[in-house]
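Subject: Structure handover

Hello,

Here is the structure I said I would pass on. Please open it first, and then read the notes below with it in view.

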Amino acid sequence: MTTPDTATLLEDAADRIADISRADLQIMLRRAALRLRNAGAVSMEDDVEEALRDLAGELGKTRNDMIRFIVREWMEKNTYLPVHELDEDGDVDGNA
């Protein structure tokens, strides 16, 4: 079971605004404000922005998802993060 994200909770609250308690609405609005405050935009040079948009479109991801993916991959490859290793004897379901 997954926990609904803040946007989903806010949309649901908007759909049933008469039924939601003031305290629950305050919590959701504070979470949304915190997320907006912490969502710093990363600006790139025009050629990098274009490449990011193209790649994101090809893979069906958002620009921010692509940035997160690229940074994680780079950090794993440069040993800043642990690499998820496959056990040689483990079952990989035909994927290596």
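Helix α1, residues 6–15, packs against helix α2, residues 22–38, at an angle of about 140°, and their axes are 10 Å apart. Please keep in mind throughout that this is a predicted model.

What does that angle make of the pair? Angles over 145 degrees would count as roughly antiparallel, and α1 and α2 are therefore oblique to each other. The crossing of α1 past α2 is left-handed. On the α1 side, the contact is made by Thr6, Leu9, Leu10 and Ala13. On the α2 side, Met28, Leu29, Arg31, Ala32 and Arg35 take part. Sorted by class, this contact of α1 with α2 has 6 nonpolar, 1 polar and 2 charged residues.

One residue of that contact can be followed further. Arginine 31 sits in helix α2. Setting aside residues up to four places away in sequence, arginine 31 touches Thr6 and Leu9. Arginine 31 and leucine 10 are 21 residues apart along the chain, and their C-alpha atoms are separated by 9.9 Å.

Helix α3 covers residues 46–59 and helix α4 covers residues 63–77. Their axes come within 9 Å and cross at roughly 100°. Angles from 65 to 115 degrees count as roughly perpendicular, and α3 and α4 are therefore roughly perpendicular to each other. Which residues make this contact? From α3 they are Glu49, Leu52, Leu55, Ala56 and Leu59, and from α4 they are Arg63, Met66, Ile67 and Ile70. By class, the contact of α3 with α4 has 7 nonpolar, no polar and 2 charged residues.

With a relative accessibility of 15%, glutamate 49 counts as buried, because the limit for buried is under 20%. Apart from its neighbours within four places in sequence, glutamate 49 is in contact with Val42, Ser43, Met44 and Arg63.

Next, the aromatic rings. The structure holds 1 aromatic pair. The ring centres of tryptophan 74 and tyrosine 80 are 5.3 Å apart and the ring planes are at 20°, so this pair is stacked. Tyrosine 80 is exposed, and its relative accessible area is 55%.

Threonine 79 lies in the segment after α4. Most residues other than glycine have a negative phi. Phi of threonine 79, however, is near 60°, which is a positive value in a residue other than glycine. Threonine 79 is exposed, with a relative accessible area of 68%.

Last, the chain as a whole. How many helices and strands does the chain have? There are 4 helices and 0 strands, and the pattern read along the sequence is α-α-α-α. The chain has 96 residues, of which 11% count as buried. Among contacts in the chain with a separation of 6 or more, 8% are between residues 24 or more positions apart.

That is what I have for now.

Regards

Note on methods:
Residues numbered from 1 in each chain as written. Predicted model: local features only at pLDDT ≥ 70, side-chain atom pairs only at ≥ 80, totals over all residues. Heavy atoms only, no water. Axes fitted to C-alpha atoms, helices over the stretch in contact; angles between N-to-C directions. Helix = DSSP H or I, 4+ residues; strand = E, 2+ residues; numbered from the N terminus. Parallel < 35°, antiparallel > 145°, perpendicular 65-115°, else oblique. Left-handed = near helix turned anticlockwise from the far one by under 90°. Contact = heavy atoms within 4.5 Å. Nonpolar A, V, L, I, M, F, W, Y, C, P; charged D, E, K, R; others polar. Phe/Tyr/Trp six-rings, centres within 6.5 Å; stacked < 30°, edge-to-face > 60°. Buried < 20%, exposed > 50% of the residue type's maximum accessible area, 1.4 Å probe, protein only.
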